[in-house]
Amino acid sequence: MNRFINYAHTGASAYAPENTMSAFRKALELKANGIELDLQKTKDGKIVIFHDDFIDKKSNGIGTISDYTYNELLKFDFGSWFDLKYKDEKIVLFEEFAKKFLSKDLTFAIELKTIGIEKQTLEIIDKYSKSKEDIYITSFIFEALENLIKI
């Protein structure tokens with residue numbers, strides 16, 4: 001199929017804090033037909049959606065995603081940095097995103113920001129997507145891409 005894809009990069013990040021459920025919902029509201037997002041792994045092995053290396057600028061926490069368990073990350077506010085109306089916006093678990101969005105008629109660009117999440121990412125995609133034809137997994141980490149091919 002040859003169609004124009006209007007990607008909402010990290011969700012509708014000009015309108016809501018990036019890589020949050022508010023940004024993803026806003027993307028649909030604005031009629032985006034694609035969503036780009038970034039995956040990282042928490043200290044306890046959960047896959048969450050977050051772009052930056054450090055959480056300092058996009059939350060009220062400090063450090064990296066891998067410094068914290070998922071439950072510890074839930075204590076941080078990932079929205080106020082953008083606008084106070086997004087106060088207490090939570091980090092998004094990839095599986096929760098997948099449940100709500102992967103069955104929709106959208107194109108997805110999923111970037112792996114770390115090694116070691118390839119298998120789990122594919123399992124979640126398999127579990128929740130209706131078609132894998134419109135899901136593209138990317139990474140700047142060549143080893144992650146090699147691992148995906150092996151899996």
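A search of the whole structure, which is a predicted model, finds nine aromatic pairs. In one of these pairs, the ring centres of Phe94 and Phe97 are 6.4 Å apart and the ring planes make an angle of 15 degrees, so the pair is stacked. The cut-off for stacking is an angle under 30 degrees between the planes. Phe94 and Phe97 are three residues apart in helix H3, which covers residues 94-101, and are therefore separated by about one helical turn. Phe94 has a relative accessibility of 0% and so counts as buried. Phe97 also counts as buried, because its relative accessibility is 0%.

Phe97 takes part in a further pair, with Phe101. The centres of these two rings lie 4.8 Å apart with the planes at 15 degrees, so Phe97 and Phe101 are stacked. Both residues belong to helix H3, where they are four residues apart, or about one turn of the helix. Phe101 has a relative accessibility of 3% and is therefore classed as buried; the limit for this class is under 20%. Phe94, Phe97 and Phe101 are part of one aromatic cluster, together with Phe24 and Phe108.

The charged end of Lys58 sits over the Trp81 ring, at 4.9 Å from the ring centre.

Helix H3 packs against two other helices described here, H4 and H1. Two packed helices are described by the angle between their axes and the distance between the axes. For H3 and helix H4 (residues 118-128), the angle is about 25 degrees and the axes are 9 Å apart. Angles under 35 degrees count as roughly parallel, and H3 and H4 are therefore roughly parallel to each other. The crossing of H3 with H4 is right-handed. On the H3 side, the residues in contact are Phe94, Glu95, Ala98 and Lys99, and these meet Thr121, Ile124, Ile125, Lys127 and Tyr128 of H4.

The packing of H3 with helix H1 (residues 21-29) has an angle of about 20 degrees and a distance of 12 Å between the axes. This angle makes H1 roughly parallel to H3. H1 and H3 cross in a right-handed manner. Met21, Phe24, Arg25 and Leu28 of H1 make the contact with Glu96, Phe97, Lys100 and Phe101 of H3.

Thr107 is placed in strand E5, which spans residues 107-112. Its relative accessible area is 1%, so Thr107 is buried. Leaving aside residues up to four places away in sequence, Thr107 touches Arg3, Ile5, Tyr7, Asn33, Gly34, Ile35, Asp134 and Tyr136.

Asn71 is found in helix H2, which comprises residues 70-73. With a relative accessibility of 54%, Asn71 counts as exposed, because the limit for this class is over 50%. Asn71 and Asp44 are separated by 27 residues in sequence, and their C-alpha atoms are 9.2 Å apart in space. In summary, Asn71 is exposed, whereas Thr107 is buried.

Technical notes. Residues numbered from 1 in each chain as written. Predicted model: local features only at pLDDT ≥ 70, side-chain atom pairs only at ≥ 80, totals over all residues. Heavy atoms only, no water. Phe/Tyr/Trp six-rings, centres within 6.5 Å; stacked < 30°, edge-to-face > 60°. Buried < 20%, exposed > 50% of the residue type's maximum accessible area, 1.4 Å probe, protein only. Lys NZ or Arg CZ within 6 Å of the ring centre and 35° of its normal. Axes fitted to C-alpha atoms, helices over the stretch in contact; angles between N-to-C directions. Parallel < 35°, antiparallel > 145°, perpendicular 65-115°, else oblique. Left-handed = near helix turned anticlockwise from the far one by under 90°. Contact = heavy atoms within 4.5 Å.
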